[in-house]
Amino acid sequence: SQSGELVEQGSGSGIIISTDGYIVTNQHVIEGATEIDIILNTGSTYVANVIGQDEKTDLAIIKIEPKAEEPLTAAVLGDSTTLEVGELAVAIGNPMGMEFSGSVTAGIVSAVNRTMTIENRTYNLIQTDAAINNGNSGGALINQYGEVVGINSVKLSTSGVEGMGFAIAISEAKPIIDDLMSAGYVTGRPLVGIGISETRYGLFIS
């Protein structure tokens, strides 16, 4: 008999944002992955490459190479700054993994500009009562016009709490997405630091 190594697998969701194969998802969905497989709603499987990821905003861009016989349809990104409480909110994703892939849940926008601190990082989020579960992360939150207004990211899962799901507002995500696609990282962030090198006269500080 041959002993094999167990490989941990996880699942999440993503949004195709261009017909040439760029996909946005949550950074925590792909974190530590050695291989990323993308399964479309048609059942076709692709291997994706990581283009860029940003832990601070929990966003990542990955890319697949589309096949000529299976052109991709890109999602339409909306304007989350115009969202109002009470508007329709529809979440699409793979809650609990591929067994329930393509699940659609609906609710309303419960609140906009919710500030939440998770692991010492502050996020500006849309709150919805559309059911969001493990596996929905990285999937689309859509308005009544079929436009993506948020990226489902976090569920408040405190004991006794129901109907509180959260999504990263798409208008806040857009500049991050653009940076990750063009540069592979988020540009323009200030850095504060110190560099020390040893010289014959002592330490040189830069």
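Trainee: Let's start with A60. Is A60 buried or exposed?
Mentor: A60 is buried, because its relative accessible area is 0% and the cut-off for buried is under 20%. Bear in mind that this is a predicted model.

Trainee: Okay, and where does A60 sit?
Mentor: A60 is found in strand β5.

Trainee: Which residues does A60 touch, leaving out those up to four places away in sequence?
Mentor: There's a run of them: I23, V24, T25, N26 and Q27, then I30, G52, Q53 and L180.

Trainee: Let's move to A48. Which strand is A48 in?
Mentor: A48 belongs to strand β4, which covers residues 45–54.

Trainee: Why does A48 count as buried?
Mentor: A48 has 8% relative accessibility, so it falls under the 20% cut-off. Setting aside neighbours within four places in sequence, A48 is in contact with I36, I38, I62, K63 and I64.

Trainee: And how far apart are A48 and L77?
Mentor: They are 22 Å apart in space, C-alpha to C-alpha, and 29 residues apart in sequence.

Trainee: What about loops? Where is L83, for instance?
Mentor: L83 is in the loop that runs between β5 (59–63) and β6 (88–93). L83 is buried too, with a relative accessible area of 9%.

Trainee: Which residues does L83 touch?
Mentor: Not counting residues up to four places away in sequence, L83 touches V109, V112, I126 and V149. As for I38, its C-alpha is 30 Å from that of L83, and the two are 45 residues apart in sequence.

Trainee: I also marked N136. Which loop is that in?
Mentor: N136 lies in the loop between β8 and β9 (140–142). N136 counts as buried, at 2% relative accessibility.

Trainee: So what does N136 touch?
Mentor: Leaving out residues up to four places away in sequence, N136 touches S13, I92, G93, N94, P95, A131 and N152.

Trainee: Switching to pockets: what volume does the second largest pocket have?
Mentor: The second largest pocket has a volume of about 280 Å³. Its lining includes Q27, H28, E31, E55, D58 and R121.

Trainee: Which elements give two or more residues to that lining?
Mentor: Those are α1 (27–30), β8 (121–128) and β10 (148–155). Q27, one of the lining residues, is also among the residues that A60 touches.

Trainee: Nice link! Now the whole chain: how many helices and strands are there?
Mentor: The protein chain has two helices and 13 strands.

Trainee: And how much of the chain is buried?
Mentor: Of its 206 residues, 39% count as buried. The protein chain exposes about 12400 Å², and carbon and sulfur atoms supply 50% of that.

Trainee: What about charged side chains?
Mentor: The protein chain has 9 positive and 24 negative ones, and the centres of the two sets lie 8 Å apart.

Trainee: Last one: what box do the C-alpha atoms fill?
Mentor: Roughly 70 × 55 × 40 Å, taken along the principal axes. For contacts between residues at least 6 apart in sequence, 56% join residues at least 24 apart.

Notes: Residues are numbered from 1 along each chain as its sequence is written. This is a predicted model: local features need pLDDT of at least 70, side-chain atom pairs count only at pLDDT 80 or more; totals for chains, interfaces and linings use all residues. Side-chain values use heavy atoms; hydrogens and water are left out. Helices (H or I, at least four residues) and strands (E, at least two) are DSSP runs, numbered from the N terminus. Buried means under 20% relative accessible area, exposed over 50%, partly exposed in between (1.4 Å probe, protein chains only). Contact means heavy atoms within 4.5 Å. Accessible areas come from the Shrake-Rupley method with a 1.4 Å probe; for residues, only the protein chains shown count as cover. Lys and Arg count as positive and Asp and Glu as negative; His and the chain ends are not counted. The place of a charge is taken as NZ of Lys, CZ of Arg, CG of Asp or CD of Glu. On a 1 Å grid over the protein atoms alone, a cavity is a set of points where a 1.4 Å probe fits but cannot get out, and a pocket is an open set with protein on both sides within 12 Å along at least five of seven lines; lining residues have an atom within 4 Å of a point. Grid points are joined across faces, edges and corners, and a volume is the space filled by probe spheres set on the points.
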